[in-house]
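Me: I am new to this structure and would like to get to know it step by step. Could you show it to me and then take my questions?

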Amino acid sequence: MEVLGIDIGGSGIKGAPVDVVAGRLTQERLRIPTPQPAKPAPMAETVAQIVDHFSWTGPVGVTFPGVIMDGVVRSAANVHHSWVGVDAADLFGGARVVNDADAAGLAELRFGEGRSRKGTVLMLTFGTGIGSALFADGVLVPNTELGHLELHGKDAEHRASDRAREEEDLGWKEWAERVETYLKHVEKLFSPTLFIIGGGVSKKADKFLPHVKIDTPIVPAALQNEAGIIGAALVAAPAGPPPAA
């Protein structure tokens, strides 16, 4: 069956219908720049624009870059602070709403590099911020938000996100050193069996991952930047997200 998945990011809002059995987009995705400032009303209008673009009347799943509890936004580090306390599920017309990295992780464990992986698997998405999805034997621990761990006196994402790389005009090797420092910190806390690197930067993994030297195996996400859209659709499927293979 098909479900519309919409992935809200700090710089862009992307959506497409998804075959939730095969784990693939069935139409070309639509990407619209995230309104600035990223307040609830204009962002809801953008989500509605994507729904209208596909003439969609079925179930809709939406990711959000922050802590989501029962459809309500509890944190909003990379969008406007006025989101905190908003019932996003209601604002998005009854859509299922899920943390963006959690959605990407669910998709990757079902269809990508996380398939059949046991132990502690940690997916990290590097973009405007750093998102995290933590799994213990295939079971999601939601809303971990590990991009906000303190690193050198700052939120880690202020030093090691893809936005930090762009804003500070860092070379890939220089940025990889920051990513490595962050991953070593996370490694000590969780002793994962696998790191999966997602977000838009995953398409350029060959430019930085060879420079990252850590003990834990590390791979780029197989679904790359489509993982959030696919994961949003999985969560909104009538039967809920299928168990990881």
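This is a predicted model: local features need pLDDT of at least 70, side-chain atom pairs count only at pLDDT 80 or more; totals for chains, interfaces and linings use all residues.

Me: What percentage of the residues of the protein count as buried?

Reply: A residue is buried when its relative accessible area is under 20%. As for contacts with a separation of 6 or more, 62% are accounted for by residues 24 or more positions apart. Of the 245 residues, the share that counts as buried is 56%.

Me: Which helix is largely enclosed by the rest of the structure?

Reply: Look at residues 227–236. Their buried residues include A227, I229, L234 and V235. In total 10 of the 10 residues are buried, so the helix that is largely enclosed by the rest of the structure is α8.

Me: Let us turn to strands. How many residues of strand β10 are buried?

Reply: Strand β10 covers residues 130–136 and is mostly covered. It runs antiparallel to strand β9 (residues 120–126), joined by 7 bridges, and T120 stands opposite A136 there. These two strands form a hairpin with 3 residues between them. The buried residues of β10 number 6 of 7.

Me: Which residue takes a positive phi in the hairpin of β10 and β11?

Reply: Strand β11 (residues 139–141) pairs with β10 in the antiparallel sense over 3 bridges, and L140 is the bridge partner of F135. This hairpin has 2 residues between the strands. The residue with a positive phi, near 50 degrees, is D137.

Me: Now the aromatic rings. Is the pair of W172 and W175 stacked or edge-to-face?

Reply: The structure holds 7 aromatic pairs. In this one the ring centres are 6.0 Å apart. Planes over 60 degrees apart count as edge-to-face. With the planes of W172 and W175 at 75 degrees, the pair is edge-to-face.

Me: Is W175 buried or exposed?

Reply: W172 and W175 are 3 residues apart in helix α6 (residues 172–190), so about one helical turn separates them. W172 is partly exposed because its relative accessibility is 21%. W175, at 0% relative accessibility, is buried.

Me: What type of pair do the rings of W172 and F208 make?

Reply: The centres of these two rings are 5.9 Å apart and their planes are at 15 degrees, so the pair is stacked. W172 lies in helix α6 and F208 in helix α7 (residues 205–208), so the pair ties together parts that are 36 residues apart in sequence. F208 is buried, at 1% relative accessibility. The type of the W172 and F208 pair, then, is stacked.

Me: Which residue has its charged end over the ring of W172?

Reply: W172 belongs to one aromatic cluster with F126, W175, Y182 and F208. A charged end sits over the ring of W172, 4.0 Å from its centre. Over the ring of W175, 6.0 Å from its centre, sits the charged end of R165. The residue over W172 is R165.

Me: Where is the cis peptide bond that ends at P37?

Reply: Most peptide bonds are trans. P37 is in the loop between β4 (30–33) and α1 (40–53). With omega near -5 degrees, the cis bond runs from Q36 to P37.

Me: Last one: is Q224 buried or partly exposed?

Reply: Q224 has a positive phi of about 50 degrees although it is not a glycine, and it lies in the loop between β15 (218–220) and α8. N143, with phi near 60 degrees, lies in the loop between β11 and β12 (150–151) and counts as buried at 19% relative accessibility. Q224 has a relative accessible area of 33%, so it is partly exposed.

Conventions: Residues are numbered from 1 along each chain as its sequence is written. Side-chain values use heavy atoms; hydrogens and water are left out. Rings of Phe, Tyr and Trp (its six-membered ring) pair if their centres lie within 6.5 Å; planes under 30 degrees apart count as stacked, over 60 as edge-to-face and the rest as tilted. Helices (H or I, at least four residues) and strands (E, at least two) are DSSP runs, numbered from the N terminus. Buried means under 20% relative accessible area, exposed over 50%, partly exposed in between (1.4 Å probe, protein chains only). A charge sits over a ring if NZ of Lys or CZ of Arg is within 6 Å of the ring centre and within 35 degrees of the ring normal. Contact means heavy atoms within 4.5 Å. Two strands pair if DSSP finds at least two bridges between them.
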